[in-house]
Amino acid sequence: MIDWDDVRYFLAVARAGSVRAAAERLGVNHSTVLRRIAQLEERLGAHMFEKLPSGYRLTAAGEEVLELADQMEASSHQLETRVFGRDQRVRGLLRVTLAPPLATHLLIPDFSDFARLYPDIEMEILSSGELANLTNREADVAIRVVYDRKTLPLNLHGLKGPDVFGGIYMSRDRLVAWRAGAPDPIRWIVISIHGIPDWANEGEVRTAEVPFRVTDAEAQIVAVRQGLGMTTLPCFVGDADPLLARVPGTNLHMYGTLWLLTQGEARKTKRVRLFTEFVFRRLAAYASLLAGLSLSRD
């Protein structure tokens, strides 16, 4: 009999191209991966990989095993989700993935309310810019801003929430100084991987040619609060911050629509259903804030 765990290690090396990368992905040491691959090769009576200076390359036998291993993995995930879907207890682990700003600036208080209502549900909030794979059970629920509904995978079940808009913001103190004619240059504050969006080149405030770059949203917000310049933010962040104001003469821009996404049998579990229904109601209450309509502007 082939050990499924050995196959998992084989898939990790085949996909990563190296034992070291596979070990990091699996959270084990280098020798464990080598031992598992050796066990699989012994059971099958063939070498799976050819070791090259650039990494590990599949042999002809390895290529054949890869196709079958992919099928085994898919069957394993299907088995897990079907069994998981029959679990109707209001307890157990619930993993939720969403972008950091949605967690820290909007939904953590709501997640806390849900956790108090259902103390036997262990919540794990995966607040990351990387998208967790629902099909592979990396998360049970995803909360995502989607610009085009057609990009959603067909195997996901979705609840459509409110639209999300963004605007251009600067600190209130910096705005007062600009109105008073302060000569200091006003910089664009940008997250390095995104840059300045085309729609942001508008408004009455002129900016310096040299931007100020950061790598994450929290640093971006701190920089704009410090009066360094202006930046684009979701309205639920910018409008809720008493230290910030919208830049005069600028308009709002639609980022996309919030979706609550679940997959297959997982969405039938009681804890997933309770959570999605709870958050869906909370998001509806935030519709004006998300659309930038919650505050009267200066």
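Me: Which way does α1 pass α2, in a left-handed or right-handed crossing?
Reply: This is a predicted model, so to speak: local features need pLDDT of at least 70, side-chain atom pairs count only at pLDDT 80 or more, and totals for chains, interfaces and linings use all residues. Residues are numbered from 1 along each chain as its sequence is written, and side-chain values use heavy atoms, with hydrogens and water left out. A crossing is left-handed if the near helix is turned anticlockwise from the far one by less than a right angle, and right-handed if clockwise. For α1 passing α2, it's right-handed.

Me: Are α1 and α2 parallel or oblique to each other?
Reply: Helices here are DSSP runs (H or I, at least four residues), and strands are too (E, at least two), numbered from the N terminus. α1 covers residues 4–16 and α2 residues 19–26, and they pack at about 125 degrees with axes 8 Å apart. Angles under 35 degrees count as roughly parallel, over 145 as roughly antiparallel, 65 to 115 as roughly perpendicular and the rest as oblique. So the pair is oblique.

Me: Is Trp188 buried or exposed?
Reply: Trp188 sits in strand β7, residues 187–191. Buried means under 20% relative accessible area, exposed over 50%, partly exposed in between (1.4 Å probe, protein chains only). Trp188 comes out at 5%, so it's buried.

Me: Which side chain makes a polar contact with the side chain of Trp188?
Reply: A polar contact is a pair of N or O atoms within 3.5 Å; within protein, one must be able to donate a hydrogen and the other to accept it, and residues adjacent in sequence count only if both atoms are side-chain atoms. At 3.4 Å, the partner is Thr207.

Notes
Axes fitted to C-alpha atoms, helices over the stretch in contact; angles between N-to-C directions.
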